[in-house]
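Please look through the sequence and the model first.

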Amino acid sequence: MLSGALSAVYRTFGIKRSPRNPNICTRCSTHVEEGRMVEITVLFADLSSFTELTQDLGAEKTHEVVDAFLRMATEVLVKHGAFIDKYVGDAVMALFNVPLRHDDHALRAVAAAIELSGALTTLGANFGLNLKASIGIATGFARVGRLGSDDSKDYTAIGDVVNLAARLQSKASAGEVLISEESYRKHPVDFTEATSEQVILKGFRDPVTAYRLHANQAVRLIGDPPESSAGEKTSIGAIVFGILGAPCAVVTLIGPLAVALGASSLFGLAGLLTFLDQSSLRVPVLILTTLAALANFYTVWHARKLRREAKVPDQLKTMTTLEKQRTTFVLVASVITLGIVAFEVVAHMLLH
């Protein structure tokens, strides 16, 4: 939906691909899970010998190399369904299984790590360097949501799994991938070349079992994770839901149109909109605002219906405080919109 000819429809409403994962949109801060404990796989990838690179190449050239590495890493990671959490110097942190759900998120993370290591060989050749990365991967439960502000760029994960992935990355040598036991157990037959070992990690009281993979090993991944298809068919319903069915539609569409048409009449300011009042656009605009309000009612109803299904995990059945606030805002704004539209219709009938 976010590419091709149909993308123009979304761009009209300010909806574009997210730079953190082009498979989701820039409005997804309205839809991502907030305040939940979710099982995720965390990946840390760090460009090895960064200090040496800086000393040998200088700041300008090192910046060019690191920028190319992070861009390449991002492309590889999002291809496997990752959400880029942050960049820290020459390192990248990525989350799998949020906000896009994949049952094979641990496998996707390892597949992305192996592809990333292979791509570094080509990237290094372009600069005449022997580039390698150390990568740590861990699977577990974490609380996901925005931290420090309400900006979508601050969406992150908090939990032991994040610390574990970071510590595993610090224990991985150049060109190695260190995987947590939980990640390995989800797909043991896919990592036939992995070797088990006990590692002592800073901040962890007991030794941790980890599995080490080398980038030059022939790692057998049974059934590589499917890539997202940009050519999937998009229904008209999906377009309508994407534009009108989301709570953000209240801000971008319902509010401005309803207030401009209705509130002006309510407060005796109709003279400011005489042209629109007499224009043939009035009826289509009123219809559009009504449909938008009804679309939001449908969205809330459908979301409530989905939560009641047996297959929905228990942690998703309960709404978070933020979700309750957004739902309340949607319902109140939609009711106000329909009330203003009704007032406009009645006032028009009485005047004519």
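## Overview

How many helices and strands are there in the chain? The chain has eleven helices and ten strands, where helices (H or I, at least four residues) and strands (E, at least two) are DSSP runs numbered from the N terminus. This is a predicted model, in which local features need pLDDT of at least 70, side-chain atom pairs count only at pLDDT 80 or more, and totals for chains, interfaces and linings use all residues. Residues are numbered from 1 along each chain as its sequence is written, and side-chain values use heavy atoms, with hydrogens and water left out.

Of the 352 residues in the chain, 44% are buried; buried means under 20% relative accessible area, exposed over 50%, and partly exposed in between, with a 1.4 Å probe and protein chains only. A contact means heavy atoms within 4.5 Å. Among contacts between residues at least 6 apart in sequence, 71% join residues at least 24 apart.

## Confidence

The predictor's confidence in each residue is given as pLDDT, from 0 to 100. Its average over the chain is 74, and 63% of the residues score at least 70. The pLDDT is below 50 over residues 217–276, a stretch that has 110 contacts in the model beyond near neighbours in sequence.

## Nonpolar cores

A nonpolar core is a set of buried Ala, Val, Leu, Ile, Met, Phe, Trp, Tyr and Cys residues joined through side-chain atoms within 4.5 Å. The largest one has 38 residues, of which Phe69, Leu77, Leu116, Leu120 and Ile135 touch the most other members. At least two residues of this core come from each of β3 (36–47), α2 (50–79), β5, α3, β6 (133–146), β8 (176–180) and β10. The most come from α2, which gives eleven. A second, separate core of 24 residues includes Ala142, Ala157, Ala172 and Val199.

Asn97 lies in the loop between β5 (91–96) and α3 (105–127). Is Asn97 buried or exposed? Asn97 counts as buried because its relative accessible area is 7%. A polar atom of its side chain lies 2.8 Å from the backbone oxygen of Glu39. Not counting residues up to four places away in sequence, Asn97 touches Glu39, Ile40, His102 and His105.

Helix α3 has 23 residues and reaches 32 Å from its first C-alpha to its last, close to the expected 33 Å; the expected span is 1.5 Å times one less than the number of residues. Gly128 follows α3 and has a positive phi, near 70°.

## An aromatic pair and a buried arginine

Rings of Phe, Tyr and Trp (its six-membered ring) pair if their centres lie within 6.5 Å; planes under 30 degrees apart count as stacked, over 60 as edge-to-face and the rest as tilted. One aromatic pair is counted by this rule. Tyr184 and Tyr211 form it and are stacked, at 3.7 Å centre to centre with 5° between the planes. Tyr184 is in helix α5 (residues 181–186) and Tyr211 in strand β10 (residues 208–214), 27 residues apart. Tyr184 is buried at 16% relative accessibility, and Tyr211 is buried at 12%.

Arg36 is in strand β3 and is buried, with a relative accessible area of 5%. Arg36 and Ala142 are 106 residues apart in sequence but 7.9 Å apart in space, C-alpha to C-alpha.

Notes. Polar contact = N/O pair within 3.5 Å; in protein donor to acceptor, adjacent residues only side chain to side chain.
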